[in-house]
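Please look through the model below before reading on. The paragraphs that follow go from the sheet to the helices around it, and then to a few single residues.

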Amino acid sequence: MLRFFLALWAAKLAAWIMKLRGQERNDWPGLLAVKLCPDFLARVRKPPLVITVTGTNGKGTTAALICNRLEAEGRTVSFNDWGANLSAGFALNLMRCVNPFNRSVKDVSVLEADERTLDVSMGQIRPNYILVTNLAKDSLRRNAHPEFIFDIVDRTFSILGGVTLPLY
């Protein structure tokens, strides 16, 4: 537990320094948190609503639309609008959702998640909803075919069990 709080405080201090330097669009504080406490994503308190958006294309736009709608409803939202969609970005986003004592200060966290690493990170975060925009062929070296990515997404839902997949 001490390791977690040291990681949280170090990340918050790093984020504050980055803000003073005008470098808020940097997930380095989140990377620091994960390096100091490998299970940071599991330990940090989540807001009441965590929404993850993933897919090959359109996840940033979709996440931004969700975030804007929630803010228009008067909710406080944490969202990395520059696309920090791996563990360091998630750690930064969720760190912004808590105070130094790990108590929630935001209503919602909207996470844009890379579809390739979804099963690893979401098992620790356990979001309320996962929205999959699409699954398509991307770079041959990265995502050879949509079935490969579908298997990762399917495995994520198996790991999480009770997470909701909105269908439209």
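Contact here means heavy atoms within 4.5 Å, axes are lines fitted to C-alpha atoms, for helices over the stretch in contact, and angles run from 0 to 180 degrees between N-to-C directions. Helices (H or I, at least four residues) and strands (E, at least two) are DSSP runs, numbered from the N terminus. With these terms, helix α5 lies across strands β2 and β3 and runs at about 170° to β3. The structure is a predicted model, in which local features need pLDDT of at least 70 and side-chain atom pairs count only at pLDDT 80 or more, while totals for chains, interfaces and linings use all residues. Residues are numbered from 1 along each chain as its sequence is written, and side-chain values use heavy atoms, with hydrogens and water left out.

Strands of a sheet pair through backbone hydrogen bonds, either parallel or antiparallel. In this model four strands form an open sheet in the order β2-β3-β1-β4, and the pairing is parallel, where two strands pair if DSSP finds at least two bridges between them. The edge strands are β2 and β4 (129-132), each of which pairs on one side only, and the twist from one strand to the next averages 20°. Strand β1 (residues 49-54) pairs with β3 in the parallel sense over six bridges, and within this pairing T52 stands opposite L111 of β3.

How many of the six residues of strand β3 (residues 108-113) are buried? Six of the six are, so the strand is largely enclosed by the rest of the structure; buried means under 20% relative accessible area, exposed over 50%, and partly exposed in between, with a 1.4 Å probe and protein chains only.

Helix α4 (residues 59-72) lies across β1, β2, β3 and β4 and runs at about 170° to β3. Helix α5 (residues 87-95) has eight of its nine residues buried, so it is largely enclosed by the rest of the structure. The buried residues of α5 are A88, G89, F90, A91, L92, N93, L94 and M95, and they pack against α1, α2, α3 (40-43), β2, β3 and α6 (118-125).

Two helix pairs can be followed in detail. Two packed helices are described by the angle between their axes and the distance between the axes. The axes of α5 and α6 come within 11 Å and cross at roughly 25°, which makes α5 roughly parallel to α6; angles under 35 degrees count as roughly parallel, over 145 as roughly antiparallel, 65 to 115 as roughly perpendicular and the rest as oblique. In this contact S87, F90 and L94 of α5 meet S121, M122 and I125 of α6, and the residues divide into four nonpolar, two polar and no charged. For these classes, Ala, Val, Leu, Ile, Met, Phe, Trp, Tyr, Cys and Pro count as nonpolar, Asp, Glu, Lys and Arg as charged, and the others, Gly among them, as polar.

In the other pair, helix α1 (residues 2-20) and helix α2 (residues 28-36) pack at an angle of about 165°, with their axes 8 Å apart, which makes α1 roughly antiparallel to α2. From α1, residues R3, L6, A7, A10, A11, A14, A15 and M18 meet W28, P29, L32, A33 and L36 of α2, and the residues of this contact divide into 12 nonpolar, no polar and one charged.

Some single residues remain. I159 belongs to helix α7 (residues 146-160) and is partly exposed, with a relative accessible area of 42%. Not counting residues up to four places away in sequence, I159 touches D119, G123 and R126. R126 lies in the loop between α6 and β4, where its phi is near 55°, a positive value in a residue other than glycine, and at 42% relative accessibility R126 counts as partly exposed. N102, in the loop between α5 and β3, also has a positive phi, of about 65°, although it is not a glycine; N102 is buried, with a relative accessible area of 8%.
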